[in-house]
Amino acid sequence: MGEIRFGVDDLAQLRFAVSPLWESVAALRASADPGGHALHLPWIKAASTLGRERTGLLPHLPGLEALAPPPRCPLAEIEEELAAFTGPPERAEALLAWWRAGVRPYWPRIRAVLEADLAYRTRQLAEDGFQEVFAHLHPSLRWAEDRLTGPGLPSGGLALDGGGLTLAPSAFTSRCVLLPGREAVPPCLVYPARAVGTLWERRAEPEDGLARLLGRSRAGLLGRTSVPTTTTGLALQTGLSPGAVSQHLAVLRDAGLVTSHRYRREVYYRASELGRALLGGAS
């Protein structure tokens, strides 16, 4: 058991992020342990067919986990994160190759799950406070007074210095992992994302009745907003242009079928109660 100790300034500096680099490393570990990551078997079967992009990195997995930097901003690109990677340059190049071959083709699905978790946690933080956020990150974590305790945290204890803590959901992690802070970047606590069981579900095409009512493109977009997602994410999932997605979402929002909210630089769309009822009736 370890712990993280917070000051008042640290709690005010609580932030959230998505880390493509950490997801790439965690995905590599999952691919090497199918029995421990049964939820990801559909993806693991595909990833296991990759050659040197995967097998060349597996012997270096412990070092990659130790060297993974904490994310510097909420929605960084992997190239930005690799610029802060302190391992050998050839290892960074190999990680980028693994990302492109094994993770990036599935990133819209993965990122949708992570963004849905972020939307849930930020709303929980705003409505119920940080105690509720910490209480529900993972069953092994406990919040008491000014500290968070649990396995995976520093055994000698870590006292934050006023710069706060970043929380990053992970689709491939089943435990909590602390990425130490570096220079002006605060430490990051990686935790298992919610609803990972939906990640590899087959996405059904919209029912004919709903497609006739809304049009097949709009019906398909509505079905993909059961979790919060962005225009860019929907464009990657559907093959529609971002402009076309924006136009369809505007119609759905005007009809009361989706809602939108801004988080940092992104606008997230989610099916409204009416939209979910319509989807439930169609299914």
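**Close-up views of a predicted model**

View 1. Helix α2 (residues 20-32) lies across β6, β7 and β8 (188-192), running at about 40° to β6. Contact here means heavy atoms within 4.5 Å. Axes are lines fitted to C-alpha atoms, for helices over the stretch in contact, and angles run from 0 to 180 degrees between N-to-C directions. Helices (H or I, at least four residues) and strands (E, at least two) are DSSP runs, numbered from the N terminus. This is a predicted model, in which local features need pLDDT of at least 70, side-chain atom pairs count only at pLDDT 80 or more, and totals for chains, interfaces and linings use all residues. Residues are numbered from 1 along each chain as its sequence is written, and side-chain values use heavy atoms, with hydrogens and water left out.

**View 2. Helix α2 also packs on helix α7.** The axes of α2 and α7 (residues 89-103) are 10 Å apart, at an angle of about 75°. That makes α2 roughly perpendicular to α7 (angles of 65 to 115 degrees count as such, under 35 as roughly parallel, over 145 as roughly antiparallel and the rest as oblique). From α2 come Pro20, Leu21, Ser24, Val25, Ala27 and Leu28, and from α7 Leu95, Trp98, Trp99 and Val103. By class, this contact has nine nonpolar, one polar and no charged residues. Ala, Val, Leu, Ile, Met, Phe, Trp, Tyr, Cys and Pro count as nonpolar, Asp, Glu, Lys and Arg as charged, and the others, Gly among them, as polar.

**View 3. An open sheet has four strands.** The strand order is β2-β6-β8-β7, with mixed pairing. At the edges stand β2 (15-16) and β7 (177-179), each with a single partner strand, so one side of each is left without a neighbour in the sheet. Strands β2 and β6 (residues 166-170) run parallel and are joined by two bridges; DSSP must find at least two bridges for strands to pair. Look for Arg15, whose bridge partner in β6 is Thr166.

**View 4. Strand β1 pairs with β4 and with β5.** Four bridges join β1 (residues 2-5) to β4 (residues 147-150), and the two run antiparallel. Here Arg5 stands opposite Arg147. With β5 (residues 158-159), β1 pairs in the parallel sense over two bridges, and Ile4 stands opposite Leu158.

**View 5. Helices α11 and α13 cross.** The axes of α11 (residues 216-223) and α13 (residues 242-254) come within 10 Å and cross at roughly 80°. Ser217, Arg218, Leu221 and Leu222 in α11 meet Val245, His248, Val251 and Leu252 in α13. Five of these contact residues are nonpolar, two polar and one charged.
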